[in-house]
Amino acid sequence: MARYSSPPDPIVYKNKVWDVVRLIPAGQVATYGQIAALVAIPAGIEPAEYLAFSPRWVGGAMASCPADVPWQRVINSQGKISLPKGGGYEHQRELLEMEGIVFDARDRIDLNRYRWSGLE
């Protein structure tokens, strides 16, 4: 299996990711892997390779997204914010709480309650 640190055409991939993230409604979240599953596999990438690398690619896209992308609505598969405390965590949490999203005592979001279906 080849190792990919970035998609074959990073600009095209990032734009596709941002288009999907723009669809997530306020008060809902999606995981990096969920966003990756909604973005078409780039040409030349095997599905197994895409599955292995795409959540990281989505994370890279979110790190450089334009201001109109609701980046705060993308979290990890454990229902947690991936940013470190003191490194953006507090801001992301505040934005999500302002949208009505509740965190539990372990700083997790209930994905059964707040996960975006991706079909809207």
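**Salt bridges and buried elements**

Arginine 93 is buried in this predicted model, its relative accessible area being 18%. The residue forms a salt bridge with aspartate 107, in which the closest N and O atoms are 2.7 Å apart. Because arginine 93 belongs to helix α4 and aspartate 107 to the loop between α4 and α5, the pair ties together parts that are 14 residues apart in sequence. Aspartate 107 is partly exposed, with a relative accessible area of 24%, and both residues belong to a network of salt bridges that also includes Lys85 and Glu97.

Seven salt bridges were found in a search of the whole structure. One of them joins arginine 22 to aspartate 68, with 2.8 Å between the closest N and O atoms; this pair links distant parts of the chain, namely the loop between α1 and β1 and the loop between α3 and β2, 46 residues apart. Arginine 22 is partly exposed at 32% relative accessible area, whereas aspartate 68 is exposed at 51%. A salt bridge is also formed by glutamate 99 and arginine 73 (2.9 Å, N to O), and arginine 73 is buried at 12% relative accessibility.

Helix α3, which comprises 17 residues (47–63), spans 24 Å from its first C-alpha to its last, close to the expected 24 Å. In strand β1, threonine 31 is buried at 5% relative accessible area and touches residues including Val74, Ile75 and Leu111.

Technical notes. Residues are numbered from 1 along each chain as its sequence is written. This is a predicted model: local features need pLDDT of at least 70, side-chain atom pairs count only at pLDDT 80 or more; totals for chains, interfaces and linings use all residues. Side-chain values use heavy atoms; hydrogens and water are left out. Helices (H or I, at least four residues) and strands (E, at least two) are DSSP runs, numbered from the N terminus. Buried means under 20% relative accessible area, exposed over 50%, partly exposed in between (1.4 Å probe, protein chains only). Contact means heavy atoms within 4.5 Å. The expected span of a helix is 1.5 Å times one less than its number of residues. A salt bridge is a side-chain nitrogen of Lys or Arg within 4 Å of a carboxyl oxygen of Asp or Glu. Lists of a residue's contacts leave out its neighbours within four places in sequence.
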